[in-house]
Amino acid sequence: MRVKPIHKQIFLFFVLLCGAAFVLCGAAVASGVAAPAAEMFTVTFATDKGEFSYIDEPIEPTDYLVADEMFTRKINAPLTEKRAMMSKAVRAGASYERAVTLCMPKAAETVDAMERALYEPALDAEMTFDPKRTPPFMIKREKNGRMLDREKTFELIYICAMRGAGESIAPPLTIVRPEVTSEKLIARTYLRADFSTEFASSNADRSHNIALALSHVDGTVLNPGDEFSFNKTVGARTESRGFRQAKIIMDGDYVLGYGGGVCQASTTIYNAALRAGLEITEVHAHSLSSGYVAASLDAMVNSSSADLKFKNPLSDPVFISAYAYNGTARVRIFGLKSEFKIVPVSVVRETVSPPEEELVADLEHKYLPAEAESGDRLTVRNPKDGIKSEAYLEYYRGTTLVRRIKIRSDSYRPLRGMTVFIP
């Protein structure tokens, strides 16, 4: 048996070794796995929520198609090749996020985690309205939020990759502004209207009814487009709901009824609403003119058929304060400052005298005491003129009258006086 020369054996071994290396290199190319890079790219973001690091480690493909795509995108290539591909993508118009994740797809996972951790929502300013408090508004200031600037973050990763193997940097944050600011809420607290009427506080039952009705309205907030209804807000005027008997106008005369005086509350609200620029959708005149407000500026209500309604036509809410105290019914309406000063004006077109006074013998002492003597007299009902009137709204910018519009016409009956006597 012949033995091959030693130098031929060594040559054969060298050929086999080279062939194996060639096969392994081909497998590496097919799988998208390059030889380990000389430098490992790392970028770390130092935040108040901890550190978030991206380490550009090799990725194992799951199948041949994935391996082929990874090879095309240089995912496991040396950093120098990745730089070239990212730079080419940016020059072609790609976003920094697209350029970075083209070669470093797992960078998005680091950015996603940091984005979630650093996000803080903005808090809107809040306002509470309590008309019993002075001042009636309490405002809690807004608070800015924050969020990660995602594109700027990928730009920084790109820059770090271009500069070297790794850096530690601060994350780029943007401020998240709240939609509702305290400045915006403060603008809603302007006093748009303040109107008062007077009543005899000595009439306890009537005074009680006025105050009770206004207490139901006090604190009302009308959002844009909302409609106010006096009857829905105040509710039925019944004994069970705390209302008392007092004089009301019925069929052109004064009679006792539960809720007497409530119409003065509705009239005070009506006049404030006019001055506040609210849109009146329903209003009714009394059959007799009122003593506490000018003609055509009253607002009669009853639980069954007559209501006072108005809408908020503004872009922001309005707030209503309503109360009665020491013979004064007062209504204030707050909201955005109006462009105009609105002045309601009453115009009397005609006065109608009442019929001749009625004299009635009080034989049953219904009005006069039993000890009253012959000839004693008592005026039970004062005469009142009938009135035909109109109401206008005048809009002023400063002291200049900008426009004048007619809002209603009314006719009030005359009231015949009545005096009783003892024959």
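**Figure 1. Lys74 is placed in the loop between α2 (64-72) and α3.** Helices (H or I, at least four residues) and strands (E, at least two) are DSSP runs, numbered from the N terminus. Phi of Lys74 is near 60°, a positive value in a residue other than glycine. The model is predicted: local features need pLDDT of at least 70 and side-chain atom pairs count only at pLDDT 80 or more, whereas totals for chains, interfaces and linings use all residues. Residues are numbered from 1 along each chain as its sequence is written, and side-chain values use heavy atoms, with hydrogens and water left out.

**Figure 2. Helix α3 (residues 79-91) packs with α4 at an angle of about 150°, the axes being 9 Å apart.** This angle makes α3 roughly antiparallel to α4; angles under 35 degrees count as roughly parallel, over 145 as roughly antiparallel, 65 to 115 as roughly perpendicular and the rest as oblique. Axes are lines fitted to C-alpha atoms, for helices over the stretch in contact, and angles run from 0 to 180 degrees between N-to-C directions. The crossing of α3 past α4 is right-handed. A crossing is left-handed if the near helix is turned anticlockwise from the far one by less than a right angle, and right-handed if clockwise. On the α3 side, Lys82, Met85, Met86, Ala89 and Val90 meet Tyr96, Ala99, Val100, Leu102 and Cys103 of α4, where contact means heavy atoms within 4.5 Å. By class, the residues of this contact are nine nonpolar, no polar and one charged. Ala, Val, Leu, Ile, Met, Phe, Trp, Tyr, Cys and Pro count as nonpolar, Asp, Glu, Lys and Arg as charged, and the others, Gly among them, as polar.

**Figure 3. Helix α4 (residues 96-103) and helix α6 (residues 150-163) cross at roughly 50°, with axes that come within 8 Å.** That makes α4 oblique to α6. The crossing of the two helices, α4 and α6, is left-handed. Tyr96, Glu97, Val100 and Thr101 of α4 make the contact with Arg150, Glu151, Phe154, Glu155, Ile157 and Tyr158 of α6. The contact of α4 with α6 comprises five nonpolar, one polar and four charged residues.

**Figure 4. The peptide bond from Thr134 to Pro135 is cis, with omega near -5°.** Pro135 is located in the loop that joins β3 (126-129) and β4 (137-140).

**Figure 5. An open sheet of four strands has the order β8-β16-β15-β9, with antiparallel pairing.** Two strands pair if DSSP finds at least two bridges between them. At the edges are β8 (190-198) and β9 (221-222), each of which pairs on one side only. Between β9 and strand β15 (residues 318-325) the antiparallel pairing extends over two bridges, and Leu222 stands opposite Val318 in β15. Helix α8 (residues 204-217) lies across β15 and β16 (328-335) and runs at about 160° to β15. Helix α10 (residues 262-275) lies across β8 and β16, at about 150° to β8.

**Figure 6. Three strands form an open sheet of mixed pairing in the order β18-β22-β19.** The edge strands β18 (358-361) and β19 (377-381) each have a single partner strand, so one side of each is left without a neighbour in the sheet. Direction ignored, neighbouring strands of this sheet are turned by 30° against each other on average. Strand β22 (residues 418-421) pairs with β19 in the antiparallel sense over four bridges. Phe421 in β22 is the bridge partner of Arg377.
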